[in-house]
Amino acid sequence: MSTIPASSHGQRLRLYLDLIRWNRPAGWLLLLWPTLSALWVAHGGFPGWHLLAVFTLGTILMRSAGCCINDVADRRFDRHVKRTAQRPVTCGRVSVKEALAVGLALTLLAFALVLTTQAAAVALAVPALLITIAYPYTKRFFSMPQAVLGVAFSWGIPMAFAAVQGSVPALAWWLLAGNLFWVIAYDTEYAMVDRDDDLHLGIRTSAITLGRWDVVAIVLSYGLFLLCWAWALRAQGLGWPWPLALAVAAAQVLWHWRLIGPRQRQGCFRAFTQNHWLGFTLFAGIVAGYAWG
């Protein structure tokens, strides 16, 4: 009876970890900070270890599942882009069926976590999955697919409120709207890196649509994000750490403006990868605001 060498199992595991971008946590951190921020706001402070674990693990799992779906959808485009040509699905090291199976398994695990919360949060998990599946295909026909990604990357906000309060108040939708502008800002920075390749391939992105107004639009989107969250949380009783966090976040926006101003790939990519610090800054301000407010 033949057996599969342990080294083969190890190689497959490494490929799967590469598939879900395990060594590049910036993606799931961009999802995590606004979701945890919403969790704290919904509860008015620390939400408890159960919900913290559910939303932290669920965020990581769904981001990983989204990578599987995205790579399958974009495999024929990615092979023509230097930055993405060696992705496991694109170069054939992981089959389409394998990638979809991994994505399905991760999605089911995330759904199992949501089942331990309230029914309202479970109901919101269905549109979350549909948006995740739809996003990669919007790049074929929609001039601003980053807006669709913004909804997908912000959906943890209403889910957090639903899990805590059993419903989604207007406050949650204001936070989602603000976060949508943040996603448009940082993913446009990301799209600027591949703009030449995307033009050649006929893929639509906000960086292409905005043209010479890209930098201005990004800075304005950052500003709308911060203004929206500042307005939405004005009556939440947050103490001095919250306005301090907003000021630090605004300073980071100015730094991003400097990075992307020359429109060089290296600067735009660095700006994108550092966005999670902006999200963490606001989350830390909310946590500290409730603690010392």
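Biologist: Which residues have the most contacts inside the largest nonpolar core?
Modeller: In this predicted model, the largest nonpolar core has 72 residues, and those with the most contacts inside it are Phe55, Phe161, Trp229, Leu233, Trp242, Leu282 and Ile286. Helix α2 (residues 26–43) gives this core its largest share, 12 residues. A second, separate core of 13 residues includes Leu15, Ile20, Val94 and Val102.

Biologist: With which residues is Trp242 in contact, leaving aside its neighbours within four places in sequence?
Modeller: With those neighbours left aside, Trp242 is in contact with Trp229, Ala230, Leu233, Leu282, Gly285 and Ile286.

Biologist: Why is Thr205 called buried?
Modeller: Buried means under 20% relative accessible area; Thr205 has 4%, so it is buried. Thr205 lies in the loop between α10 (195–201) and α11 (206–210). Apart from neighbours within four places in sequence, its contacts are Ser143, Pro145, Gln146, Ala191 and Asp198.

Biologist: What span should helix α9 (residues 170–193) have at 1.5 Å a residue, and how far apart are its end C-alpha atoms?
Modeller: The 24 residues of α9 should span 34 Å, and the end C-alpha atoms are 36 Å apart, which agrees.

Biologist: How many residues of α9 are buried?
Modeller: In α9, 17 of the 24 residues are buried, so by the cut-off of under 20% the helix is mostly covered.

Definitions and conventions
Residues are numbered from 1 along each chain as its sequence is written. This is a predicted model: local features need pLDDT of at least 70, side-chain atom pairs count only at pLDDT 80 or more; totals for chains, interfaces and linings use all residues. Side-chain values use heavy atoms; hydrogens and water are left out. A nonpolar core is a set of buried Ala, Val, Leu, Ile, Met, Phe, Trp, Tyr and Cys residues joined through side-chain atoms within 4.5 Å. Buried means under 20% relative accessible area, exposed over 50%, partly exposed in between (1.4 Å probe, protein chains only). Helices (H or I, at least four residues) and strands (E, at least two) are DSSP runs, numbered from the N terminus. Contact means heavy atoms within 4.5 Å. The expected span of a helix is 1.5 Å times one less than its number of residues.
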